Amino acid sequence: MKNMNTFSFVSFCAVALVVLLFSGETRTAEAVTCDASQLSPCLAAITSSKPPSATCCSKLKEQQPCFCGYLKNPTLKQFVDNPNSKRVASTCGVAYPKC
């Protein structure tokens, strides 16, 4: 009986750890604040043929969950939905959204 209780406790701890790990990932994804001004380091690369900076790529990856929202905004759509933006995203290894 003692072995069964120990096994149950260990199993419970393992399940609790998995739940905590995955809930932490969810909170991280929810913590992204969609702010298009965060993409300002990408402006030179988007408006010219310059390659994107490391900061630009970092910001693109950070703001990636927001792209569909930016595409729905008429003011921002012109900047997000153009060939240079797609080139910059591709160069940074960021998938272009399929909304």
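**Close-up 1. Val32, a partly exposed loop residue.** With 25% relative accessibility, Val32 counts as partly exposed (buried is under 20% relative accessible area, exposed is over 50%, and partly exposed is in between, using a 1.4 Å probe and protein chains only). Val32 sits in the loop between α1 (2-30) and α2; helices here are DSSP runs of H or I with at least four residues, numbered from the N terminus. Setting aside residues up to four places away in sequence, Val32 touches Glu62, Gln63, Pro65 and Cys66, where contact means heavy atoms within 4.5 Å. Val32 and Cys66 are 34 residues apart in sequence, yet their C-alpha atoms are 8.2 Å apart in space.

A quick note on the model: it's a predicted one, so local features need pLDDT of at least 70 and side-chain atom pairs count only at pLDDT 80 or more, while totals for chains, interfaces and linings use all residues. Residues are numbered from 1 along each chain as its sequence is written, and side-chain values use heavy atoms, with hydrogens and water left out.

**Close-up 2. The aromatic pair, Phe67 and Tyr70.** Searching the whole structure turns up 1 aromatic pair. The ring centres of Phe67 and Tyr70 are 6.5 Å apart and their planes meet at 45°, so the pair is tilted (rings of Phe, Tyr and Trp, the last by its six-membered ring, pair if their centres lie within 6.5 Å; planes under 30 degrees apart are stacked, over 60 edge-to-face, and the rest tilted). These two are 3 residues apart in helix α4, which means about one helical turn separates them. Phe67 counts as buried at 7% relative accessibility, and Tyr70 does too at 6%. Beyond its neighbours within four places in sequence, Tyr70 has contacts including Cys34, Leu39, Gln63 and Val80.

**Close-up 3. Where α3 crosses α6.** Helix α3 (residues 54-63) and helix α6 (residues 83-92) pack at about 95°, their axes 9 Å apart. That makes them roughly perpendicular, the label for angles of 65 to 115 degrees. On the α3 side, Cys56, Cys57, Leu60 and Lys61 meet Val88, Ala89 and Cys92 of α6. The residues of this contact divide into 6 nonpolar, no polar and 1 charged.

**Close-up 4. The largest nonpolar core.** This core has 16 residues, and Leu60, Phe67, Tyr70, Val88, Cys92 and Val94 touch the most other members. Helices α2 (43-47), α3, α4 (67-72) and α6 each supply at least two of its residues. A nonpolar core is a set of buried Ala, Val, Leu, Ile, Met, Phe, Trp, Tyr and Cys residues joined through side-chain atoms within 4.5 Å.

Key:
Axes are lines fitted to C-alpha atoms, for helices over the stretch in contact, and angles run from 0 to 180 degrees between N-to-C directions. Angles under 35 degrees count as roughly parallel, over 145 as roughly antiparallel, 65 to 115 as roughly perpendicular and the rest as oblique. Ala, Val, Leu, Ile, Met, Phe, Trp, Tyr, Cys and Pro count as nonpolar, Asp, Glu, Lys and Arg as charged, and the others, Gly among them, as polar.
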